[in-house]
Amino acid sequence: MKKITAIALLMISLLASAQQETIDQRINSLIKKMTLEEKIGQLNQYTGDNQATGPITINPNKQNEIKQGLIGSMLNIIGAKYTRQYQELAMQSRLKIPLLFGQDVIHGYKTTFPIPLAEAASWDLEAIELAARVAATESAASGIHWTFAPMVDIGRDPRWGRVMEGAGEDTYLGSKIAYARVKGFQGNKLGDLNSVLACVKHFAAYGAVTGGRDYNSVDMSERMLWETYLPPFKAALDAGAATFMNSFNDLNGIPATGNAHLQRDILKGKWNFQGFVVSDWGSIGEMVAHGYSKDLKAAAYSAITAGSDMDMESNAYRYNLAELVKEGKVSVDLIDDAVKRILRKKFELGLFDDPYRYSDGKRETKELNNPENRKAALDVAKKSIVLLKNQNETLPLSKNLKTIAFIGPMVKEYKANMGFWAVDLPEVNYDKWVVSQWDGLQNKVGKNTKLLYAKGCEVTGDNKDGFAEAVATAKQADVVILSIGERHDMSGEAKSRSDLHLPGVQEDLVKAIQATGKPVVVLVNAGRPLIFNWTADNVPAIVYTWWLGTEAGNAIADVLFGDYNPSGKLPMTFPREIGQIPIYYNHFSTGRPAPNEDAKGYVSSYIDLKNSPKFPFGYGLSYTKFDYSNLKLSSLKMKNTETIKVSFQLSNVGKVTGEEVVQLYLQDKFGSVVRPVLELKDFQKVKLNAGESKTIEFTIDKEKLSFYNDKLEWKAEPGDFEVMIGASSADIKLKSDFELAD
C-alpha cells in the first residue's frame, strides 16, 4: 500500500511539474511575440465606467485600447454579461491575451457578510474562511477573477477608518485570519471555477499611518516592521496568495509603491514571492504629490524598478515605460519579469484556454441565489457579535414579553447593514435582500408580542425633536432596545475620524430612555471601536453589532433572545478617550510603570484618565459562565529543541451551552530588547454544554518564544517566561513560570 501511495504521489508531482513547464513554455513563447507596447499594456489596469466599490475614470478610448492589446486588466466590471463583453474586445487584439477582471470583494459579493473587523471578533477561523469561500464562489460566477482582499494591515489606531477592513491590532490573530481568508478566496487551487485570486494588502505598514489619517506617512523601526506589521503578509504568502497590493503611505520616507526594500528585497527576494504586485488606486502617480518623483515619468521609473508590476489607474506605465526603455533607463528584462508574473496568473486561471469560462450567466444565476450562502452569512454574523455588558442578566430577552420598544436611527435601515466596501449590484433590491433589525425582531417574536417603533434622532446632527416620541414609546414597553452608532459610511477608506464618541445626540437619547426606568438594551452599530462612556457605565446591557451584512437583523434577534449564545471577543482595544490613542494591549513596559490604573505622579500615566482601556483586547461576555482551573505544565524548563505542554480545565458552570475563546499569552520577562507586557501566542474556541468540563491543551515551542533582536535576527533567548491563560488580555485566569534553558 505504501509503495502504491508513493508511486501515486510521484505521478502527481511529475504531472504538476509538466503542467508548470507547459505554462512556462507558453509564457516564453508568447513573450517573444509581444511588442514592447503590448507588454506594457499587460501592466496597465483601468476601471469600468460604472461605480461599484470606488471611483470611476471616464476614458472614451478605453474599448479601442483593449482591442489594441494596451490594457491587461479591468476593475469594476461586474456580472457575467459585462465581463464577457469586455473579454470579447480583448479577443479582437492581435495576440488575443485575455483580460483579468478585479473587484473589491471585501466581505461578500451579493451575499454580504459582516465587515472584516467584525468577522475577526468571531475568532473562528473556519467561519472566516467560509465567508471568503462564499464570496469567491459568487464573484467568480459573475466573471470576477481577482479580489482586492484580504487587507491584513495591523490596526492600532481606531481613528483610521480602514480598521473596519482588517483583523484588528494583534499580529498573531491577524496572521491566522490572513491565512484563513486567502485559503477561502483561492479555494483548492487557482483555475477552479469557484476560486479567485487573492490580493494581500496594503504592503506595508499602512495601519500605522500618523494620526490615524488615511494616506498619511509611517515612520517606524525595522524591528517593529518585521515583528508587528509584516507577519500577516508572510502568513498570507504561506497560504499561497497570488498577488499583493502596495500601500498609499510612505514608509520611513519612501512611498511604498516605489519602495524597493519592501518589494524587491523582502517580498520578491527574501520571501521568494512568485505572483505579481499591483499598485493601489493611482498610487504610482501619487508619488509626485509625495514629493518623491518629479513627474509621472519619474514615478513610473521608481515603481517599475522597485517591483510594482501593475499600474492601477495612474497611466504612468501606459505613457512612460516605453520611452524609459528606449532611453536605456529601464531594462526590458524588468518589463518582461512583470509581464510574465501577470501572464502566469492568467494561464493558471485557464483564461488562455477559455477566456469566457468565468462568464457563465446560468452559473451566475445559480450561485447568486444559493440559499446555503444566506445560511453561512447568518452563521458568521451571529458569531461576530460581541456582548459587552449584561448586568443583572438583562439578556437574553424572554419571548413572552408583551411589548418591546425598538428605538433608534438604525432600526429600520436595510442597505446600511451591509457596511462599507459592500458590492453594489444594480439588479438587487436591497430593501428586500437585506434583513433589517426591525424585520429580524419581527421574525423572532410571536404574535402575542407587540413591537413599537420610534426613530428618536438621526445619526448625526443636534435635532432632538424625536426625543419626546421615543420616550413616550419607551414608557409603553416592558423592555427597550436602542439601536445606535455610526453610519455605515463613517468607517472605511477616507473615513478617518478625529472624534470617536457616538455622533450627534445619540448618547443624549440613551440618557433620556434610560431615565424612564425601563430595562434598556443598546445595540452599537459601527465599523471601529467607538467611545460611549456614559452608556457603558449606566445602561445594563450592551451588544456590539458592528455591521453584519445581509442577515444582520436575524443574527441580532437570535442573540437578543438567546437562540444563539454570543461568543465574540474584541479584536481591538476600545479606548476611554481619544487621548489614549494609539492604545493596544501588547505594549512595552517602561522604566516607571504604573503599579495600578489609578496611580499618578512620576509614573507612566495620565493625570486626568486611567491607563486602562474601556474594553480590552480579547474581551467578550457570554450568557453562561466559564471556570478555569488546574493549570499544568509538562515541564518548568525547556531547551530550544523541546516543547512544553500547557493544559488546564475549562468548565461551563452556567445554565446554557456556550463557546469560550480561551487565550494563551506569554511574556518574555527579560530580553536583549524590551519585550511586550504580554503577547497572544495561541487560542482555541471551545464549545461546552452546561455543566460540561474539558481539558484544554496548548504547546509552547521555540517559535512562540522567538522575536527579532536588535540585529533583526529571529531568535528565542534563554531566560524566564510567564505563561498566562485568560478570557481576555485583561482577564488572566491562570499563570505559571517556566525557563528556556541556554
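How many cavities of 30 Å³ or more does a search of the whole structure find? The count is 5, and keep in mind that this is a predicted model. Rolling a probe the size of a water molecule over the atoms shows where empty space is left.

**View 1. A look into the largest cavity.** Sort the lining by class and you get 6 nonpolar, 3 polar and 2 charged residues.

**View 2. A look into the second largest cavity.** This one holds about 50 Å³ of space. Which elements each supply at least two residues of the lining? They are strand 20 (658-668), strand 21 (679-688) and helix 23 (702-705). Strand 20 gives the largest share, 3 residues. Among the lining residues you can pick out Asp-668, Arg-675, Glu-679, Lys-681 and Lys-704, along with Phe-707 and Phe-721. By class, this lining has 5 charged, 4 nonpolar and 2 polar residues.

**View 3. Glu-138, a buried residue with no salt bridge.** Now zoom in on helix 6 (residues 125-141), where Glu-138 sits. Glu-138 is buried, yet it has no salt bridge. What is the nearest side chain of opposite charge? That's Lys-110, 7.2 Å away. The backbone of Lys-110 is another story: its nitrogen lies 3.0 Å from a polar atom of the Glu-138 side chain. The side chain of Glu-138 also makes a polar contact with the side chain of Thr-111, at 2.6 Å.

Note on methods: Residues are numbered from 1 along each chain as its sequence is written. This is a predicted model: local features need pLDDT of at least 70, side-chain atom pairs count only at pLDDT 80 or more; totals for chains, interfaces and linings use all residues. Side-chain values use heavy atoms; hydrogens and water are left out. On a 1 Å grid over the protein atoms alone, a cavity is a set of points where a 1.4 Å probe fits but cannot get out, and a pocket is an open set with protein on both sides within 12 Å along at least five of seven lines; lining residues have an atom within 4 Å of a point. Grid points are joined across faces, edges and corners, and a volume is the space filled by probe spheres set on the points. Ala, Val, Leu, Ile, Met, Phe, Trp, Tyr, Cys and Pro count as nonpolar, Asp, Glu, Lys and Arg as charged, and the others, Gly among them, as polar. Helices (H or I, at least four residues) and strands (E, at least two) are DSSP runs, numbered from the N terminus. Buried means under 20% relative accessible area, exposed over 50%, partly exposed in between (1.4 Å probe, protein chains only). Lys and Arg count as positive and Asp and Glu as negative; His and the chain ends are not counted. A salt bridge is a side-chain nitrogen of Lys or Arg within 4 Å of a carboxyl oxygen of Asp or Glu. A polar contact is a pair of N or O atoms within 3.5 Å; within protein, one must be able to donate a hydrogen and the other to accept it, and residues adjacent in sequence count only if both atoms are side-chain atoms.
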